[in-house]
Amino acid sequence: MNIISNPHKTLVFDIGSCYTRFGYAGDVQPSFSVPSSIIQRVRDGEKTYEFGDSWLSKNMPDLEVVSMIDGSGNLVPDHSQIIPTYLDWTYSKCLQIDPSDHPVLLTQPTQITINKGQFENWRKSWCEHLFEFANHPYLCLEFDSSLAALSRGLQTGIVLDFGWLYTRIVPIFEGKPLLNVARNYQIGTYTFVDYVETLTNQSGGKIYTLFDPPEQNQQFNVNFKPLVARFPLYTPTESQQKYAKRNIIIDILKTQLTYISTKQQDPMALLYYVPGHEPLKTSVLAPLKSIFWQRIGNSPIPLLPDTIADVIGKCPGDVQRLMWKNIIPVGGLSNVPGMYDKLRELLGRLVPRNYMVDIIPPMHPMCNGSFSVWVGGSIMGSLDNFPEFCISKQEWSEQGEAILSKKCK
C-alpha cells in the first residue's frame with residue numbers, strides 16, 4: 001500500500017538472517033517477505049535452487065535447506081554465488097521488473113562493522129551483485145539501525161533490535177549509529193527457540209510439524225493434512241525437519257509469549273495445535289517470560305535493562321537525556337504483548353533523576369516489528385533528495401571500492 005510518493009521508483013531490500021523483505025519505497029509494507037533460506041537439490045549431478053517457501057507443500061524429499069545469510073548478516077561463503085540467481089528470481093518472478101530502471105536501497109547490518117575486513121567485503125560483494133549483475137543505475141547503502149530510527153520519524157535515540165542471534169543495542173545520533181558504543185546483547189530469538197524445545201522435551205511433550213505422521217485417533221481438516229498424509233512415502237531430510245520445527249516454534253512464540261499479567265487465563269489459550277497431533281500444552285513455557293529480565297541459573301549475561309542503561313551511559317553526556325527518551329524496539333520479539341510496558345517499567349528504575357524514559361511505538365501497526373527497518377528504507381527511498389545518498393553505476397565503474405569510503409561513511 002503506497003502512502004508516500006516514490007518519484008525515483010526506488011526498490012528497497014532488507015536482507016536478514018531469517019527473512020528477506022523487498023518492495024517499493026513509499027509503501028507501508030514490503031511487497032514480499034520470504035525466507036533467507038533456500039532450497040538446494042541435485043539433479044543429474046547439477047545443483048538446482050528454489051526460493052520462497054512453496055516447497056513446504058511439495059513432495060520434494062531430496063532437498064536440503066541452506067541459508068544464504070549468517071546470524072551476523074554476512075553472506076555464507078559457500079552460498080554467496082547463489083545471490084545472482086536469487087536476485088534474478090526477485091526481479092523476474094516476484095516484482096516482474098527490469099532492475100536497470102530502478103535505483104535500489106540496501107540495508108547494511110550494523111553488527112558486521114565489528115570486523116572491518118568483513119564489512120568491507122560485504123559492501124564490495126553487494127555492489128558487484130547490484131551494479132554488475134543487476135545493472136541498477138543507483139545504489140544506496142544505509143545502516144539498518146539508522147533506518148529503524150527513521151521508521152519512527154527520529155534521528156536520535158536507542159535502537160533495540162531483537163535479532164536472531166543477538167539483541168543489538170545501537171545509539172543513533174543525528175541519523176548515524178555510534179558504532180564505538182553499540183553492543184550485541186548475547187540473547188536473541190534463537191535463545192527463545194532453543195529454550196522452547198528444551199522445556200517441551202523436559203515436560204515430556206514434543207514439537208510436531210506437518211512432516212510428522214498423524215497420530216491414531218486424531219482428526220484433521222482435509223485442507224490442512226500433514227504432508228506425510230498427502231504423500232505417504234515422504235521422508236523429509238534432516239534440514240527440512242529442522243527448518244519446519246524452527247518455524248513452528250517461532251509461531252508458538254508469536255501466539256503464546258506475552259508479558260501481560262492476567263489473573264485468569266482461558267485454558268484453551270494455553271494449547272498449540274498442529275493438525276493430526278495432540279495439542280502442545282504451552283503452560284510449560286512460562287520460564288520464557290523471565291529471559292530478558294531475570295538472571296537464569298549461573299548465566300554471566302547481564303540483564304537487558306542493565307545493558308541498555310550501560311550503553312546509554314557510554315554515549316556523550318549531552319545526548320543521554322534524548323537517548324533515554326527515545327527507546328526504539330524493533331525486530332520480531334518487539335511485538336510480544338506487554339514488551340513496551342515491561343521495558344518502561346524496568347528502565348524506569350535505572351533512569352537518572354530528572355530524566356524520562358519513553359518507548360517509541362511504530363507510526364502505524366503495519367510498520368512494527370520485523371518490518372521496521374524496511375519501512376525506514378521505504379521512507380528514505382522516497383525522499384526528494386534520495387539521489388544525494390546514492391552511488392551511481394558510473395561512479396562504481398570509474399572508481400570501484402574507493403567510492404564507498406567517499407559516499408558511504
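Buried means under 20% relative accessible area, exposed means over 50%, and partly exposed lies in between (1.4 Å probe, protein chains only). These legends describe a predicted model, where local features need pLDDT of at least 70, side-chain atom pairs count only at pLDDT 80 or more, and totals for chains, interfaces and linings use all residues. Residues are numbered from 1 along each chain as its sequence is written, and side-chain values use heavy atoms, with hydrogens and water left out.

Figure 1. Helices (H or I, at least four residues) and strands (E, at least two) are DSSP runs, numbered from the N terminus. Of the 409 residues of the chain, 52% count as buried. Contact means heavy atoms within 4.5 Å. Among contacts between residues at least 6 apart in sequence, 68% join residues at least 24 apart.

Figure 2. A disulfide is a covalent bond between the sulfur atoms of two cysteines. Here the term covers a pair of cysteine sulfur atoms within 2.5 Å. A search of the whole structure finds 0 disulfides.

**Figure 3. The largest nonpolar core holds 51 residues.** A nonpolar core is a set of buried Ala, Val, Leu, Ile, Met, Phe, Trp, Tyr and Cys residues joined through side-chain atoms within 4.5 Å. Which residues touch the most other members? They are Phe192, Leu288, Phe292, Leu304, Ile308 and Met339. Two or more residues come from each of β9 (157–162), α4 (189–202), α6 (238–256), α7 (304–313), α8 (320–325) and α9 (339–347). The core lies between domain 2 (154–187 + 299–361) and domain 3 (189–215 + 236–289), because both give residues to it. The domain bounds come from an automatic or database domain assignment. Met339 touches Phe162, Tyr259, Phe292, Trp293, Leu333 and Ser334, not counting residues up to four places away in sequence. A second, separate core has 37 residues, including Phe51, Val66, Cys94 and Leu141.

**Figure 4. Helix α1 spans residues 83–95.** Its buried residues are Ile83, Pro84, Tyr86, Leu87, Trp89, Thr90, Tyr91, Cys94 and Leu95. What covers them includes β1 (11–15), β2, β3 (32–35), β4 (37–43) and α2 (116–133). Asp88 is also found in α1. Is Asp88 buried or partly exposed? Asp88 is partly exposed, with a relative accessible area of 41%. Leaving aside neighbours within four places in sequence, Asp88 is in contact with Lys93 and Phe133. Phe133 is 45 residues from Asp88 along the chain, and their C-alpha atoms are separated by 9.1 Å. Gln96 follows α1 and has a positive phi, near 55°.

**Figure 5. The largest pocket has a volume of about 870 Å³.** On a 1 Å grid over the protein atoms alone, a pocket is an open set of points with protein on both sides within 12 Å along at least five of seven lines, and lining residues have an atom within 4 Å of a point. Grid points are joined across faces, edges and corners, and a volume is the space filled by probe spheres set on the points. The pocket is lined by 37 residues, and the closest to its centre are Arg21, Phe162, Gly331, Gly332 and Ser370. The elements giving two or more lining residues are β1, β2, β7 (104–108), β9, α6, β15 (327–331) and α10 (372–381). α6 gives the most, with 3 residues.

**Figure 6. Arg21 is found in strand β2 (residues 19–24).** Arg21 is buried, with a relative accessible area of 10%. Leaving aside neighbours within four places in sequence, Arg21 is in contact with Val12, Phe13, Asp14, Pro30, Phe32, Ser33, Ser370, Phe371 and Trp374.

**Figure 7. The largest cavity holds about 60 Å³ of space.** A cavity is a set of grid points where a 1.4 Å probe fits but cannot get out. The count comes to 2 cavities of 30 Å³ or more. Lining the largest are Lys206, Ile207, Tyr208, Ile248, Ile252, Tyr272, Val274, His277, Glu278, Pro279 and Leu280.

**Figure 8. Lys9 has a positive phi, and Asn354 has a positive phi.** Lys9 is found in the segment before β1. Its phi is about 60°, although Lys9 is not a glycine. At 44% relative accessibility, Lys9 counts as partly exposed. Asn354 has its place in the loop between α9 and α10. The phi of Asn354 is near 70°. At 66% relative accessibility, Asn354 counts as exposed.
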